[in-house]
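Here is a briefing on one predicted model.

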Amino acid sequence: MQTDPSPTREGEAAVVGQLSTLDRFLPVWIIAAMVLGLLLGSFIPGLNTALGAVKLGEVSMPIALGLLVMMYPVLAKVRYDQAHRIVGDRKLMITSLVLNWVLAPAFMFALAWTFIPDLPEYRTGLVIVGLARCIAMVMIWNDLACGDREAAAVLVAINSVFQVVAFGALGWFYLQFLPSLMGLPTTSADFSFWAITASVLVFLGIPLLAGFLTRTLGEKAKGRDWYEGTFLPKLGPWALYGLLFTITLLFALQGGTITSRPLDVVRIALPLLVYFVVVFGAGMLIGWLLNLGYAKTATLAFTAAGNNFELAIAVAIGTFGVTSGQALAGVVGPLIEVPALVALVYVALWARKRFFISRPLSV
């Protein structure tokens with residue numbers, strides 16, 4: 001029976017030794033980018049206005065460019081000719097859909113009402129964050145945790161389709177129907193179908209098409225060995241450059257808001273932290289119980305735990321305004337998500353060695 005690859009201590013040491021300085025100290029660089037962004041936003045007058053002056057939909061153009069740069073190298077690594085094996089894995093597909101579109105939004109709804117029942121704006125913002133399933137940064141976390149790239153690409157594509165189709169309906173369900181059914185206050189919100197569609201097409205469609213064409217044309221011209229051995233190592237670091245650039249700009253845009261409401265930020269942060277840890281843990285446990293193997297289990301956990309903060313922020317701003325509490329809750333999302341999921345990358349790699357060494361692969 002085929003078994004999940006089990007990294008030895010020597011093998012792991014070799015892998016660590018091959019990491020670049022950027023990869024090895026990624027948490028340091030991310031924290032530095034967050035701090036730099038907060039400082040820039042707090043101490044440079046008019047910077048947030050300048051950054052937000054040119055927009056793609058409701059997202060700042062510089063941030064949009066950073067997201068595209070971040071996504072493209074990761075999607076250029078995907079072996080698209082292997083996507084069929086992921087689509088045929090019913091256990092992975094069904095489990096991902098249930099985690100992403102049933103359990104995770106319901107859990108965020110419960111956390112929002114448990115932690116901040118007295119702050120309706122922040123509560124609504126958290127519910128919106130829970131509905132925005134991750135289609136961007138999850139590719140970075142999955143790659144760093146040695147998850148299944150092809151599985152991540154397929155699951156992200158499915159999340160994108162569901163986001164377009166189901167976001168508005170789920171927003172109505174969790175903000176109006178379910179609270180009314182439970183005798184709780186309701187929130188009125190109109191979600192633009194076209195705004196959500198545009199967000200998905202831009203932040204996933206463009207880099208996905210670019211990544212597919214790059215691999216297809218690169219392999220056709222030079223062969224897979226050259227593409228994966230020479231080209232990808234040069235392209236790869238740009239994903240992390242894009243990530244750090246995006247984080248810096250995001251926190252520069254909202255630096256003043258975050259630093260002026262520290263207690264509010266803490267109250268929003270607590271349920272978010274619980275959400276990321278619990279949903280990630282549930283994904284890892286379910287994948288282990290279903291015998292998916294480490295790579296697919298890590299992908300399942302990260303695609304369930306991550307959230308599409310750019311969409312959540314765009315929806316909150318477009319519906320409630322840029323200075324609203326809903327928008328602040330969306331901004332606090334990546335403030336907590338980025339360091340939390342970086343830490344969970346290390347948790348996943350630890351779990352790989354501890355729990356997946358002798359587990360047989362799913363067939």
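**Rings, core and charges**

The whole structure holds 14 aromatic pairs. Rings of Phe, Tyr and Trp (its six-membered ring) pair if their centres lie within 6.5 Å; planes under 30 degrees apart are stacked, over 60 edge-to-face, the rest tilted. A search of the whole structure also finds 7 salt bridges. The model is predicted: local features need pLDDT of at least 70, side-chain atom pairs count only at pLDDT 80 or more, and totals for chains, interfaces and linings use all residues. Residues are numbered from 1 along each chain as its sequence is written, and side-chain values use heavy atoms, leaving out hydrogens and water.

**Aromatic groups**
- One aromatic cluster is formed by Phe109, Trp113, Trp172, Phe173, Tyr174 and Phe177.
- Arg123 sits over the face of Trp113, 3.7 Å from the ring centre.
- Lys222 lies over the face of Trp226, at 5.8 Å from the ring centre.
- A charge sits over a ring if NZ of Lys or CZ of Arg is within 6 Å of the ring centre and within 35 degrees of the ring normal.

**Nonpolar core**
- The largest nonpolar core has 104 residues; Ile30, Met139 and Trp141 touch the most other members.
- Helix H17 (residues 325-355) gives the most to this core, 14 residues.
- Such a core is a set of buried Ala, Val, Leu, Ile, Met, Phe, Trp, Tyr and Cys residues joined through side-chain atoms within 4.5 Å.
- Buried means under 20% relative accessible area, exposed over 50%, partly exposed in between (1.4 Å probe, protein chains only).

**Helix H15**
- Helices (H or I, at least four residues) and strands (E, at least two) are DSSP runs, numbered from the N terminus.
- In H15 (residues 294-305), 11 of the 12 residues are buried, so the helix is largely enclosed by the rest of the structure.
- Its buried residues pack against helices including H6 (83-87), H7 (90-115) and H17; contact means heavy atoms within 4.5 Å.

**Salt bridges**
- A salt bridge puts a side-chain nitrogen of Lys or Arg within 4 Å of a carboxyl oxygen of Asp or Glu.
- Lys296 and Asp89 form one (2.7 Å, N to O).
- That pair links distant parts of the chain: Lys296 is in H15, Asp89 in the loop between H6 and H7, 207 residues apart.
- Lys296 is buried at 13% relative accessible area, and Asp89 is buried at 9%.
- Lys77 and Asp143 also meet in a salt bridge (3.0 Å, N to O).
- Lys77 lies in helix H5 (residues 61-77) and Asp143 in helix H9, so the pair ties together parts 66 residues apart in sequence.
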